[in-house]
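Me: I'm new to this one. Can you walk me through it in short answers?

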Amino acid sequence: MGVTARYAFRSVGRNIRRSLLSILGIAIGCALALTIESMNRGRDELFARVGAESGTGHLRVVPAGWEAQRDVRLRLADWRHDLEAARQLPGVTIATPRARAQVLLAMGTHTVPVELTGVDPEAEPRAFRFVRNVTQGRYLRAGDHDAMVVGKAVAERLDATVGDEILATCVGRGGRIESTMLQIVGVIATGNDEADAGISQVTLADIEQLADRAGAGEITIVVANWRHTDALRAELAPRVAATDEVVTWAQLAPDLRGHISQDQATSRFVSGIMIVIVVLGVASAQLAAVLDRRRELAVLAALGAGTWRLARIMIEEALILGLIGAAIGLAIGLPIVWYLAHTGLDLRSLMGGSWSFEGMIIEPIIYGDFGPWILPYVLVVAIGATLIASLYPAWFTARTDPAIALRAAP
Amino acid sequence: MTELVVTCRGVEKTFKTGAHEVRALRGVDLEIGPGEFVALVGPSGSGKTTLLNLLGALDRPTRGELVVLGQRLGMLSKRARADMRLRSIGFVFQAYNLVPVLTAVENVEFVLELQGMSGRARRARAIQTLEELGLGDVLHRRPRELSGGQQQRVAVARAVASRPRLVLADEPTANLDGENAEILMHLMRDLRDRYGMTYLFSTHDARVVTHAVRVVTLVDGRVASDVAKPEELPHEIVPGVGKPPERAAVT
């Protein structure tokens with residue numbers, strides 16, 4: 001270690017109370033910023049996962065023109081090929097085909113318009129977690145014919161229960177009215193009326209027959225790590241049928257994407273304010289240190305220490321404070337983040353049992369993210385903040401008039 | 001012809017303090033050759049420190065020509081003046097001005113590191129210089145653990161370790177007792193003899209003046225006398241040195 005570095009290191013210990021307060025400020029700032037970032041990431045992950053498992057998926061293969069029209073009558077060019085391509089892609093947890101139709105359900109004097117979804121009964125529950133909550137009867141099975149599961153809200157509006165037969169009517173190809181009788185085999189209760197009202201499912205074969213349109217209208221894909229969505233989309237796009245397209249959850253649910261972005265911006269603004277407060281605190285302490293040592297720094301200037309060397313001394317001192325602050329910030333922040341990642345932040349008292357957004361049920365316990373990003377994040381925050389904080393004191397030091405060394409009284 | 005170390009021609013320096021102007025130097029003419037051991041004397045406020053600041057490239061003259069070691073100081077940039085201070089000029093301050101968090105050897109090393117000397121070489125040079133000044137047993141003590149005399153010797157070591165051609169000292173013995181002042185002056189002369197450095201030091205101390213081979217007297221910002229022998233100095237300038245006032249020849 002050079003003499004200049006030793007000088008900077010020992011200078012930090014000169015006014016131990018001031019240095020400790022600066023370090024504490026950096027440490028607390030880092031720990032808070034780390035906690036906020038962890039919750040921010042955890043909430044993003046939660047929204048993305050909930051969105052995906054609420055039926056949207058992380059990726060979806062759709063027919064050409066679907067994104068502009070959002071027409072449920074459109075069908076994929078070669079859905080079996082697309083499904084196989086998606087299932088073979090590493091990082092894909094589940095890929096499931098679906099076809100949709102606008103249907104009017106009727107029983108007795110009750111009618112309910114729904115978007116009836118034809119699904120693969122074996123794959124669907126892994127992609128759409130709500131349908132696992134069958135409270136009456138059972139879920140669909142492969143080989144079922146004219147069988148239907150509905151959400152509790154749909155069943156209540158139809159005044160129907162398991163075993164009842166429902167008349168399903170829709171507009172088929174060429175404007176023909178197509179009808180069939182479907183038997184309710186299961187009722188699903190998610191605990192959220194908005195979500196329940198969106199659940200009406202039959203097998204893919206039944207909807208092909210009812211709507212008189214062959215094939216699937218989409219392949220919904222859930223991936224293991226939602227942060228890899230864009231990369232997987234790029235990988236899958238050339239493998240699907242030529243006219244079919246791959247879209248991401250952000251395109252499928254732009255409102256959700258916007259909500260996440262807004263939340264991120266708010267959290268980062270709060271983190272930014274905290275970091276600015278830390279920067280001002282450290283800058284103030286550093287400036288006080290410079291003013292205390294004005295004569296000494298003037299002597300160094302008189303001995304030939306140039307502008308950059310003097311500034312460097314201040315920057316090195318700030319870096320030492322920043323590194324110690326980062327270490328203590330990690331020591332404070334890691335247990336908090338670990339706790340939040342494992343136990344979570346329980347918002348049930350604020351939100352009740354659950355919270356729905358755009359038909360998705362958001363869990364009331366938000367878990368923080370605990371990952372390898374933590375160390376670089378804390379180092380960047382602590383060192384970045386202290387470097388910025390040291391700029392003014394360094395500039396002030398660099399302007400030291402060396403004549404002070406000779407002029408000032410001993 | 002030997003190149004002069006210092007050449008001042010009509011050097012003036014004016015300070016503005018609020019609405020007032022203080023003319024610290026009013027046209028100083030001075031030449032100092034290589035290896036000279038010159039004392040700068042004069043009453044308080046006569047401009048000694050101001051002249052040292054100018055010669056040490058710490059400040060710029062308001063008027064006049066100032067050439068140190070062949071460089072016109074008035075023309076140099078801030079960076080060039082800092083570089084000149086680092087490589088060619090050594091400073092000894094009245095109040096020692098050692099860095100309190102560094103040991104004696106580190107204080108000396110600091111300047112050598114600024115010069116870019118490598119770790120081992122600078123440590124060896126710093127130790128050698130401190131040993132030459134009789135400080136071999138206090139190398140690793142911090143300034144607060146040293147006596148005033150030892151601190152000033154460390155300050156001298158710091159000034160001369162890089163073997164500058166010009167050493168400027170502002171009242172180097174002001175805070176020392178008689179014995180330590182004598183020791184310091186002997187050591188400074190010894191270093192001058194060994195390394196051929198040129199010394200210019202301001203002082204009020206009669207004991208110190210007797211060591212000089214040339215004494216320049218400043219009064220009211222002008223050179224009032226410039227004598228080669230201290231005993232020829234006017235008595236009223238530095239009491240205890242020189243002939244009675246009535247026999248003095250003040251120029």
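**Where the chains meet**

Me: How many residues does the contact take from chain A and from chain B?
Reply: The contact takes 22 residues from chain A and 24 residues from chain B. Two residues are in contact if their C-beta atoms, placed from the backbone, lie within 7 Å.

Me: What kind of model is this, and how is it numbered?
Reply: This is a predicted model, where local features need pLDDT of at least 70, side-chain atom pairs count only at pLDDT 80 or more, and totals for chains, interfaces and linings use all residues. Residues are numbered from 1 along each chain as its sequence is written, while chains are lettered from A and ligands numbered from 1 in the order in which they are written.

Me: Back to the contact. Which helices of chain A each supply at least two residues of the side that touches chain B?
Reply: Helix H1 (3-12), helix H12 (294-302) and helix H16 (403-407) of chain A each do. H1(A) gives the largest share, six residues. Helices (H or I, at least four residues) and strands (E, at least two) are DSSP runs, numbered from the N terminus.

Me: And by class?
Reply: The side of chain A that touches chain B has 11 nonpolar, five polar and six charged residues. Ala, Val, Leu, Ile, Met, Phe, Trp, Tyr, Cys and Pro count as nonpolar, Asp, Glu, Lys and Arg as charged, and the others, Gly among them, as polar.

**Helices in chain A**

Me: At what angle do H2(A) and H15(A) pack?
Reply: Helix H2 (residues 16-53) and helix H15 (residues 374-398) of chain A pack at about 135°, with their axes 10 Å apart. Axes are lines fitted to C-alpha atoms, for helices over the stretch in contact, and angles run from 0 to 180 degrees between N-to-C directions. H2(A) and H15(A) are therefore oblique to each other. Angles under 35 degrees count as roughly parallel, over 145 as roughly antiparallel, 65 to 115 as roughly perpendicular and the rest as oblique.

Me: Which residues meet there?
Reply: In H2(A), they include A:Ile26, A:Ala33 and A:Leu34. In H15(A), A:Tyr377, A:Val381 and A:Ala385 are among them. By class, the contact of H2(A) with H15(A) has 10 nonpolar, two polar and one charged residues.

**Strands in chain A**

Me: What joins E2(A) to E3(A)?
Reply: Strand E2 (residues 92-107) and strand E3 (residues 110-119) of chain A run antiparallel, joined by 10 bridges. Two strands pair if DSSP finds at least two bridges between them. A:Ala106 stands opposite A:Thr111 in E3(A). The hairpin of E2(A) and E3(A) has two residues between the strands, and A:Gly108 takes a positive phi near 65° there.

Me: Is the pairing of E3(A) with E8(A) parallel or antiparallel?
Reply: Parallel, over three bridges, with E8(A) covering residues 200-203. A:Thr117 stands opposite A:Gln201 in E8(A).

**Chain B**

Me: What order do the strands take in the open sheet of four?
Reply: The order is E2-E1-E4-E5 (chain B), with antiparallel pairing. Strand E2 (20-32) and strand E5 (71-72) of chain B stand at the edges, each with a single partner strand, so one side of each is left without a neighbour in the sheet. Strand E1 (residues 6-17) of chain B is joined to E2(B) by 10 bridges. B:Phe15 stands opposite B:Val22 in E2(B).

Me: And the open sheet of six strands: what order?
Reply: E6-E7-E8-E3-E9-E10 (chain B), with mixed pairing. The edge strands are E6 (89-92) and E10 (222-227) of chain B. Strand E9 (residues 214-219) of chain B pairs with E10(B) in the antiparallel sense over five bridges. B:Val215 has B:Val227 as its bridge partner in E10(B).

Me: Last one. At roughly what angle do H5(B) and H6(B) cross?
Reply: Helix H5 (residues 148-160) and helix H6 (residues 178-195) of chain B cross at roughly 15°, and their axes come within 10 Å. That makes H5(B) roughly parallel to H6(B). By class, the contact of H5(B) with H6(B) has seven nonpolar, four polar and one charged residues.
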